[in-house]
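Hello,

I am passing this structure on to you. Please look through it first, then read the notes below.

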Amino acid sequence: MSNDKLHIGIILGSTREGRVSPQVGEWVKGIADMRGDAQYEIVDIADYNLPFLGTTDDADPAVSRWNEKLFSLDGFVFIVQEYNHSITGALKNALDLAREAWNNKAAGIVSYGSTGGARAAEHLRGILGELMIADVRTHPTLSLFTDFENMTVFKPAERHRQTVNEMLNQLIAWSAALKPLRAKQ
Ligand SMILES: Cc1cc2nc3c(=O)[nH]c(=O)nc-3n(C[C@H](O)[C@H](O)[C@H](O)COP(=O)(O)O)c2cc1C
């Protein structure tokens, strides 16, 4: 890192062709960048061409590259979309392909779906506990019906901006507080 600022990855949870997650991720990054309190970057799982867990050996370069990226981050914002009341297979696989690189970091969740992606987000929270990722309470939930046009063009209600900032306040505080534990790893 070029300075002492925390480095936060905004992880796009879907890899589907035609996905809307890049629009949501860029919107969160736009809000985050205005704060000046951390370095924020989009981390797109699709860029890593990750193998399905167990189909390659531990030395797979894509898995190594994924772990290196995660090790470089202090915290995460997960952009979560609801698939069959849970997270995507792509996100679960990406979570499973690292362990220590996730530990002792904080995360916020921004989700979307017909009910704001709430069911997927709650599933994710259970997984984050096992990976020793501290997930913050405030959770912006975006509706496919009212925050998107035709469920494809992202037009978020203005009120979500404040919730994203509240989530980021908690995320930055916890990412900083856990830094001494990461130093011991
Ligand atoms: C396989 C599949 C299952 C889905 N299941 C749900 C669901 O259970 N609940 C929901 O609210 N939306 C569901 N959806 C709708 C998605 O949340 C919606 O298509 C969203 O745009 C997906 O995110 P993405 O475009 O970033 O991939 C599902 C979509 C797919 C493709």
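**Notes on the structure**

The crossing of H1 and H5 is right-handed (the near helix is turned clockwise from the far one by less than a right angle; helices are DSSP runs of H or I of at least four residues, strands are runs of E of at least two, and both are numbered from the N terminus). This is a predicted model, in which local features need pLDDT of at least 70, side-chain atom pairs count only at pLDDT 80 or more, and totals for chains, interfaces and linings use all residues. Residues are numbered from 1 along each chain as its sequence is written.

H1 covers residues 21-33 and H5 residues 159-177; their axes come within 10 Å and cross at roughly 65° (axes are lines fitted to C-alpha atoms over the stretch in contact, with angles from 0 to 180 degrees between N-to-C directions). H1 and H5 are therefore roughly perpendicular (65 to 115 degrees).

On the H1 side, Val28, Ile31 and Ala32 meet Arg161, Val164, Asn165 and Leu168 of H5 (C-beta atoms, placed from the backbone, within 7 Å). The residues of this contact are 5 nonpolar, 1 polar and 1 charged (Ala, Val, Leu, Ile, Met, Phe, Trp, Tyr, Cys and Pro are nonpolar, Asp, Glu, Lys and Arg charged, the others, including Gly, polar).

Around the ligand there are 13 residues, of which Ser14, Arg19, Gln81, Gly113 and Ser114 come nearest (C-beta atom, placed from the backbone, within 6 Å). This shell has 2 nonpolar, 8 polar and 3 charged residues.

Regards

Methods
Parallel < 35°, antiparallel > 145°, perpendicular 65-115°, else oblique. Contact = placed C-beta atoms within 7 Å.
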